[in-house]
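Welcome! Here is a short tour of the aromatic residues in a protein model. Please take a look at the structure before reading on.

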Amino acid sequence: MKLRGLEFRPRPWKTVAGVMLLAALLSPLWIAGPAVASTGCGTGVTGVAADTLTIKVGYFGGPYYTKKVYTLSDLDALPQVRQAYTFIDSLPAVCVDAATGVKLTDLLEDARIDVNSVQKFYFFSTDVKKGWYQCLDKSFLLDIPRFYYPNLPSGWDYETASSTPEAVYGAVRVEPIIAYKDNWQRFDAAPDFSAYDTSTRFRLLFGQSDPGEHTAPQSVKWVHAIEVMLGGMPPAGVTLDRNMVELKVGSTVRLTANVAPDEATDKSVHWSSSDTRVATVDNKGLVTVVGPGTAVITVSTVVGNMTATCVVNGPDQDAGAQGVAPTDAGSHRDGAQRTPAGPPAPAQRYLAEKDKSVAGSTTTSVSSGQAGYQPWRVFEMSADAVPLQQQKEQNRMDIFAAALFGSLFLFGLGRRYMEYTREVAM
């Protein structure tokens, strides 16, 4: 009987040891925190104020292309918004923020992004080293009417953690902004614009759809990049209505670019001339012959950099010869994917002859001012595009299960050992 009593005494200690072992195995996960926080109040890592704001655009799965990198002076040049916002945080308590910044829609317009084509926004902050911090649908941010509730501080019942009917009075319609200075205060009755804080730059701010909506955790701070995901389809190719023209000096011709497929969301293109001493082109495809010689006019899609060319006064052209650009670029209705068409044969011959003629000499690059009046060239895609990582939160179920099974194994092993020692003692 004593041995039977001894048999049960170690069991509480086994349980405690098992719990301690399990806690030790899982503690690194709790210390590390979430790799990607989608709606949490923070990551436990202190961020730093961003000095630049990068706007990128792409489609689901990437790649994403840089549209523009804004500095503080760039944002100062855009229309300014000075607005107050109310929030309910996780306590829950009422927060009032007095902010100055730029409307999110103004940033999209300045970056030449069609707001109607936007599907999602991914906000990257300096306190998250890998991946995005917040993903918000365009419908959530821009389509739902949102307000600042000046009576919410006095119309909040802290006992019931809910707003009173008076909180809705005096509501002011507000729009989402990217603030570069603000004054976030908890429990204050009114916004304070006399003192600003820039340490949380840049911060996403937007209003509440109703006085009880908890939106403080989604007001991302320390934003340094925004990736804009478009709906629809990306461009698969581009063609020109002509691939060669013969014109006298002083003449003009308008080239028409056709971006495929018809369902492509962003069909914006970029025009350039290989030699602006011979021919210039504006941002609508109007070519003007300004001197003797031969030039190649190139059109490229802003998204994907698909290209097509037209030779102006090529050396092998007969007077008045005009061709139609091939139409086999990009994807086809039969589902086959093809490489975008390169320059036509006349353009290839011209480029080859031009390379030979300038061998040994220094090639002069064409500046943005030489390629016609193109003020939008500042929004040209960068060449360092990288695929967007899939927007997934890190799955720790496998690690958790492994730790649990490991602790159970050790627990069973210890129990078998205790039974063995008792048998030996008997």
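Where is Phe187 found? Phe187 sits in the loop between β11 (177–186) and β12 (203–205); strands are DSSP runs (E, at least two residues), as helices are (H or I, at least four), numbered from the N terminus.

## About the model

This is a predicted model, in which local features need pLDDT of at least 70 and side-chain atom pairs count only at pLDDT 80 or more, while totals for chains, interfaces and linings use all residues. Residues are numbered from 1 along each chain as its sequence is written, and side-chain values use heavy atoms, leaving out hydrogens and water.

## Phe187 at the surface

Phe187 counts as exposed because its relative accessibility is 54% (exposed is over 50% relative accessible area, buried under 20%, partly exposed in between, with a 1.4 Å probe and protein chains only).

## Rings in pairs

The whole structure holds eight aromatic pairs (Phe, Tyr and Trp rings, the six-membered one for Trp, with centres within 6.5 Å; planes under 30 degrees apart are stacked, over 60 edge-to-face, the rest tilted). Tyr122 and Trp132 make a tilted pair, with 5.4 Å between centres and 55 degrees between planes. Tyr122 belongs to strand β5 (residues 118–125), and Trp132 to the loop between β5 and β6 (134–137), ten residues apart. Tyr122 is buried at 3% relative accessibility, and Trp132 is buried at 8%.

Phe206 is buried, at 0% relative accessibility.
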